[in-house]
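The following exercises are to be worked with the sequence and the coordinates at hand. Each task is followed by a solution in steps.

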Amino acid sequence: MTAVEGEPEIRPVVPGVRPVRWGGEARTGVLYGREAELSVLTGLLEHAREQLITLTGPAGVGKSRLAEAAVAALAGVPGAPPHLWVDLAEARADAGEAAWAPLGAGTAREAAARLGDAGLLLVLDDCDPVARTIALDLAALLRACPRLKVLVTSRVSLDIQAERILPVDPLPTGAGSPAEAVFTDRLRAADRVGLRGPQVRSTVTDICRQLDGIPLAIEMAAEAVGTQGPYAVLEQLARDEFTGRRRVRDTPDRHRSIEGTLAWASHVIGSEDRELLRALAVFHGPVPVSAVRHVAGTSRAAALAGIESLLHKSLLLSRAERGGEPEYRLTHMARYHYRKELAADPAALHLALDRHAGYHASYALSVAAGLRCGDQGDQPLAEVRDRLPDLIAATRRLRDRGDHARLLRLLIALEGPLLGHGLAPEAADQIEQSIAATTVVPLDGRLTAEALMTVARTALARGEHQRARRALDRAAGAARELPAVRARVASLTGEMLRHLGEMTEACALLDRATGELDAVGDARAAALARRSLSLVRADLGAPDSEEPLLRALDELPSVLPADPAAPWLDPEPPAVLRARLLTALARVRRARGRAPEAYEDIRAATRILMDTGGPGPVADALEAMALIASDTGPADRPHAVARVLSHAEALRRRHGLVSEEGPALGLLNTRLRETVDASLLRRLRLASQDISLRDALVAGLFVPPQPRTEPPAAGLRSGPAGLTPRQHQIALLVAEGLTNRQAAGKLGISEWTVANHLRVVMQKLQCTSRVHVVRAVQQADR
């Protein structure tokens with residue numbers, strides 16, 4: 001056959017292969033955002049040198065639909081060759097002649113004789129079953145027929161020299177994404193009415209993200225909404241229980257269910273591939289090579305070979321490298337299918353789950369080491385975010401098998417990231433449950449005490465003071481025979497007392513704990529104790545309130561070495577600790593009326609947190625920036641302060657954190673409501689809902705110091721009896737007849753701080769009432 005004239009008769013020689021007409025129109029459909037891929041594909045098909053193009057990608061990604069769109073686009077181009085569409089989905093693996101039957105040939109040689117130099121676009125759709133069988137024959141056919149072009153859709157490439165591979169990636173996900181368009185379009189008209197409101201739309205976004213942007217899986221989920229609703233579908237996906245429901249009647253058998261989709265063309269998967277897929281099915285997120293080695297129990301070379309084989313068959317998705325090591329993941333469909341196969345072998349399932357939990361326990365220690373060194377920026381925090389589902393699954397496995405010690409070490413090592421990602425309450429619950437479960441065989445005293453301190457810190461961050469007190473009381477009992485740990489417990493107890501306003505008791509306890517921590521060489525814990533001590537002294541109006549913080553900043557090492565006996569302990573980066581110290585120093589200097597110095601301190605803290613900060617330290621810094629900027633007089637740009645404050649409030653709401661600056665922030669919000677338009681405040685709060693940490697900090701850096709309209713408080717003369725400038729300032733306001741609340745409003749500080757300063761003023765002046773303070777100030781000014 002040397003030319004294509006009219007419509008020659010086609011007699012398929014293999015039963016089950018659907019004959020396709022010459023020049024017939026391909027099936028068409030909406031591309032859902034694949035216009036760029038279509039443009040690339042049509043360009044390759046029009047290029048004279050490209051004879052063989054293979055569309056590869058995971059099951060259900062839309063390879064056939066993209067090929068159909070390309071053929072339809074080329075059909076309207078003048079001079080375009082006719083095309084023949086051959087569906088090979090039902091061909092047998094050893095039936096290579098299935099590809100040549102629609103050409104009226106039984107072999108590739110016969111097909112070459114028929115085609116000769118005729119122009120033709122041959123589309124071999126769903127080529128997976130016969131890809132290995134026809135690859136070399138197709139290479140020979142292409143050499144014999146220079147005007148022949150072949151478009152192949154297949155999960156596995158043909159691996160011949162003429163082949164140009166074009167990967168078809170999953171659809172982008174997110175609000176308003178092509179993945180959501182697929183979901184919406186596949187809903188029945190009646191079901192679309194129920195998808196209104198931001199919460200429902202957010203659920204649809206989560207469904208599409210869970211399904212990896214795979215169009216076939218998204219279509220199955222959309223068709224299941226009519227009977228269950230989107231929330232139920234999302235819950236099933238989270239439990240790996242979603243199977244879809246009966247689909248429309250003309251859906252091919254292999255697309256009717258997840259099992260059918262993954263079972264189709266399973267003959268291309270060898271026993272080693274299947275064993276590796278089952279092992280990887282216990283993962284929920286990205287899988288680095290090290291995890292493949294650990295869970296599969298194999299060498300690095302074997303793991304790489306297995307990964308290469310699965311990638312070649314489009315059974316793994318690859319992602320951009322993080323930290324120099326590439327990562328991979330199964331699609332939800334593949335994970336569901338092979339997890340079900342794994343569950344049929346309980347011994348293999350338990351082994352895979354144990355290895356998965358063990359890997360993540362070791363991973364937590366590596367994250368702690370990276371955070372402690374402080375040379376990886378926010379990389380470990382981002383990794384933890386990506387692997388949260390796997391970490392949660394690992395903690396459950398460790399708990400179920402009674403490995404409480406390893407579970408506690410994991411949770412302690414990831415304390416900061418879990419707090420930052422909103423999982424600290426659940427982690428605290430797990431810690432308390434694990435400790436309660438070890439009453440018969442008690443845990444190591446240090447591990448118990450450190451775990452309970454993790455609970456206490458979480459409770460303090462969330463304003464749960466009674467829970468913090470109970471945890472610290474139990475921690476003190478566990479650390480009774482451990483002086484170094486006992487000092488850490490005492491330091492955190494002093495911080496709790498500061499939160500409760502018991503300043504005198506807190507000061508004494510922190511002073512003693514600082515000396516004990518210095519004696520044992522615990523630099524990090526000593527720095528935190530000095531931070532708390534400075535804040536307590538500032539609240540008490542002590543003139544030396546800055547000294548502990550300045551010493552802590554001077555003595556803080558650039559690297560905090562790990563304790564060989566407890567590598568899971570204290571994973572906070574030194575940079576974050578320094579930023580927390582600078583934020584506290586800014587607060588102390590603000591309390592002493594030294595706003596310019598406080599402003600420089602908080603800017604330095606903000607710059608440090610730009611790459612390393614978690615939500616708690618970032619919110620603290622933003623609040624301090626807002627308060628300091630508003631201290632120096634009436635703001636000429638109050639909207640800048642309002643923006644930063646709204647960012648801080650949004651971060652605290654998102655992560656369930658409370659502020660230590662509550663009264664002062666309340667006063668500042670009152671002033672802002674008086675100076676900033678209410679509609680603008682509402683827009684700022686709305687815009688802050690999804691603010692990132694970095695963007696919030698950038699806004700903080702753009703808050704300028706405000707112009708002064710009053711003499712700076714730092715310039716006030718020292719008061720009688722050794723009063724600090726701030727104490728003297730408060731004494732003068734009392735002498736003017738202002739109440740504590742009025743004085744706090746005038747100075748932009750909390751009413752509680754005014755009361756503390758006033759108490760110290762009365763002690764120094766030996767006054768028993770406010771009236772006596774007025775008299776003492778009047779006499780001193782004469």
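**Exercise 1. The chain as a whole**

What percentage of the 782 residues in the chain is buried?

*Solution.* The model is a predicted one, in which local features need pLDDT of at least 70 and side-chain atom pairs count only at pLDDT 80 or more, whereas totals for chains, interfaces and linings use all residues. Residues are numbered from 1 along each chain as its sequence is written, and side-chain values use heavy atoms, with hydrogens and water left out.

Step 1. Buried denotes under 20% relative accessible area, exposed over 50%, and partly exposed in between (1.4 Å probe, protein chains only). By this criterion, 54% of the 782 residues are buried.

Step 2. The chain contains 37 helices and eight strands; these are DSSP runs numbered from the N terminus, helices being H or I with at least four residues and strands E with at least two.

Step 3. Contact means heavy atoms within 4.5 Å. Of the contacts between residues at least 6 apart in sequence, 73% join residues at least 24 apart.

**Exercise 2. The open sheet**

*Solution.* Step 1. Two strands pair if DSSP finds at least two bridges between them. The order is 2-3-4-1-5, with parallel pairing.

Step 1. From one strand to the next, the twist averages 15°.

Step 2. Five bridges join strand 1 (residues 52-56) to strand 5 in the parallel sense, and Thr54 is placed opposite Ile165 of strand 5.

Step 3. For the angles, axes are lines fitted to C-alpha atoms, for helices over the stretch in contact, and values run from 0 to 180 degrees between N-to-C directions. Helix 2 (residues 63-75) lies across strand 1, strand 2, strand 3 (120-125) and strand 4, at about 165° to strand 2. Helix 4 (residues 131-144) also packs on the sheet, touching strand 1, strand 3 and strand 4, and makes about 155° with the direction of strand 4.

**Exercise 3. An aromatic pair**

Which residues form the stacked aromatic pair?

*Solution.* Step 1. Rings of Phe, Tyr and Trp (its six-membered ring) pair if their centres lie within 6.5 Å; planes under 30 degrees apart count as stacked, over 60 as edge-to-face and the rest as tilted. One such pair is found in a search of the whole structure.

Step 1. The partners are Tyr359 and Tyr363, with 6.5 Å centre to centre and 15° between the planes.

Step 2. Because they are four residues apart in helix 15 (residues 346-373), Tyr359 and Tyr363 are separated by about one helical turn. Tyr359 is buried at a relative accessible area of 10%, and Tyr363 is buried at 5%.

**Exercise 4. A loop residue**

Is Leu414 buried or exposed?

*Solution.* Step 1. Leu414 belongs to the loop between helix 18 (404-413) and helix 19 (415-420). Its relative accessible area is 0%, so Leu414 is buried.

Step 1. Leaving aside residues up to four places away in sequence, Leu414 touches Ala364, Val367, Val384 and Leu391. Leu391 is itself one of the buried residues of helix 17.

Step 2. Leu414 and Tyr363 are 51 residues apart in sequence, with a C-alpha to C-alpha distance of 9.9 Å.
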